[in-house]
Each structure stands twice: as structure tokens, then as C-alpha cells.
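The sequence and coordinates are shown first.

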Amino acid sequence: MRNVLIKTDKLCKSYVTGKQGVHVLKNLDLEIYEGDFTVIMGSSGSGKSTLLYSISTMDRPTSGSVKLLGREVATATENEVAEIRKNEVSFIFQSMNLLPDLSAFENIAYAGYGTKERTKEEVNRQAAALLQKFHIEDLKDKFPSEMSGGQKQRVAVARALITGAKVVFGDEPTGALNSMAGKEVLDLLTEINKEGQSIVMVTHDLKAARRATRLLYLTDGQIDGELRLGRYIEEEKKKRDEVIDQFLKERGW
């Protein structure tokens, strides 16, 4: 039986705009499993980003339950949420959000300081190992302003991993990249997923969606279908694209 990383029960999220309430997520039930590369898609306004924020501790649901790694986070205290963010989850954003005054090495290592029971020297060794693993050793002393978009996102992925997070959340991580840089980052995410890293990613990019082991589609704040794809194999991407394309067409994509 597969381990459940995230489980929602009757998850609702609403916003008040002017005098009207906007119901974005509507009694949404969902399970996300350990080891999956879960991709969430949907048309604009479907609630996919709101879902990502609600299950990752970035936002609080209006009602319902969100269990992350077995812990109820919908009603967790700020200190409990901070502890989860520090040790259990990490994030990759479209805008990268690297600290501009720190080098690539410092951006990665800084995220690891204070997590769990590791010394600064241990974190520094892991940061150096991640630079080498992701083939960005030459960026070690460079600042974000001296990097390309793809290079910055590779640093951001390394930063997300140094905390030892059980799950990495991605919000359109390739959205600001050109096709070549986007493929490099997707290759990297695919590699770490094959090594066992759990990933949950929101995207509108079909090239990103094909990397999913499980694809979820949202319509009007509710799950409108899922597609189990298995591990990504480069040689089978054409057949995979056909399956995804048919799945999305059936849902009005």
C-alpha cells in the first residue's frame, strides 16, 4: 500500500471580493502519494494555484482538513507551520526568489542552516555536493544577477533539496524560462523524482506535464479527472503526449 503524503477532506477556500464571496475550492477530497511527481493542471481560475498553496502551508483553507505528512495543518499554530516549512517541505517558484546579495553557494547553504541537527560544516559540504550533482560548480561564487534564468532555477532546485524536505512544491517553475532552460530544469526534477523525491507541481505547460507520474485536472475548484502515467521515459514521450493531449481535450483544455 502506498504512503499518503497529503490528504484533504472537504477542503474549501473562499475569498471575499467587494461584497461577494468567491468560492475557489469546493469540498475537495484528494490524496497525494509518496514518491510521485504529481502535476496539477486546469484552466485559468480553476483553483490549481490555490490548491497548491492550501496543501503546502502557504495559505490557510477556509474550511476542511489538510493533513501533510500525517499532521493537520489547516488548524496548526504559526510555530507548527514554521517548523514544517523549515524541515519538511520546500518550494520552487517561477520567479526563483534567490537572495540577490548571496552567491549561488550561499543561497543554497543558507536554506540549510538551522534545519534539523546538522552543523554548518555539514550543510556546507552538502551545498558543495549539490552544486556538483547539478553541474553548476562554476556558479559557486556567482550572484543571481550574473546567472541566466535556467542557472538560477537550478540553484533554486538545489536550495529546495538541501533542507531534506519530504516534498518539494513547484509553482510554474519553468514558466519564466526559454524552452532549452525549461527542459534542463525538468530533466533535473525528473532525475530527483526517480531517486525518490516527492514533487507536487502546478503548471500550464504541456512539456512540464509530460514529466508527471500522476496528472490531476481541476475544474471549478474540484478534481475533474486524473491520469496515471508512470515514470517518464524520453523515448516514449510521443505516445505519452498523445495520451495527455486526449485527456486534456476531454476536459475542454
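## Sheet pairing

Strands β4 and β5 are joined by two bridges and run antiparallel. Strands, like helices, are DSSP runs numbered from the N terminus (E, at least two residues, for strands; H or I, at least four residues, for helices). Two strands are treated as paired if DSSP finds at least two bridges between them. The model is predicted: local features require pLDDT of at least 70 and side-chain atom pairs count only at pLDDT 80 or more, while totals for chains, interfaces and linings use all residues. Residues are numbered from 1 along each chain as its sequence is written, and side-chain values use heavy atoms, with hydrogens and water left out.

Strands of a sheet pair through backbone hydrogen bonds, in either a parallel or an antiparallel sense. Here, four strands make up an open sheet in the order β2-β1-β4-β5, with antiparallel pairing. Its edge strands are β2 and β5 (71–72), each of which pairs on one side only.

Strand β1 (residues 4–17) is connected to strand β2 (residues 20–33) by ten bridges, in the antiparallel sense. Among the facing residues, Tyr15 stands opposite Val22 in β2, and Thr17 has Gln20 as its bridge partner in β2. The hairpin of β1 and β2 has two residues between the strands, and Gly18 takes a positive phi near 65 degrees there.

Strand β1 also pairs with β4 (residues 63–68), antiparallel, over five bridges. Lys7 has Lys67 of β4 as its bridge partner, and Cys12 stands opposite Ser63 in β4.

## Overall dimensions and packing

The protein contains eight helices and ten strands. Its C-alpha trace spans about 50 × 45 × 45 Å along the principal axes. The radius of gyration, 18 Å, agrees with the value near 18 Å that a compact globule of 253 residues would have; this quantity is taken over C-alpha atoms, and the globule rule is 2.2 Å times the number of residues to the power 0.38.

Of the 253 residues, 48% are buried. Burial is defined by relative accessible area (buried under 20%, exposed over 50%, partly exposed in between; 1.4 Å probe, protein chains only). Among contacts with a separation of 6 or more, 70% link residues 24 or more positions apart, where contact means heavy atoms within 4.5 Å.

## Surface and charge

The accessible surface amounts to about 12,600 Å², and 49% of this belongs to carbon and sulfur atoms. Accessible areas come from the Shrake-Rupley method with a 1.4 Å probe; for residues, only the protein chains shown count as cover.

There are 37 positive and 37 negative side chains, and the centres of the two sets lie 2 Å apart. Lys and Arg count as positive and Asp and Glu as negative, with His and the chain ends not counted. The place of each charge is taken as NZ of Lys, CZ of Arg, CG of Asp or CD of Glu.

Glu88 lies in the loop between α2 (78–87) and β6 (89–93). Glu88 counts as buried because its relative accessibility is 18%. Leaving aside neighbours within four places in sequence, the contacts of Glu88 are Leu69, Glu83, Ala165, Lys166 and Val167. Leu69 is 19 residues from Glu88 along the chain, and the C-alpha atoms of the two are separated by 8.4 Å.

Ala111 is located in helix α3 (residues 104–112). With a relative accessible area of 25%, Ala111 is partly exposed. Not counting residues up to four places away in sequence, Ala111 touches Arg159, Ile162 and Thr163. The C-alpha atoms of Ala111 and Thr17, which are 94 residues apart along the chain, are separated by 36 Å.
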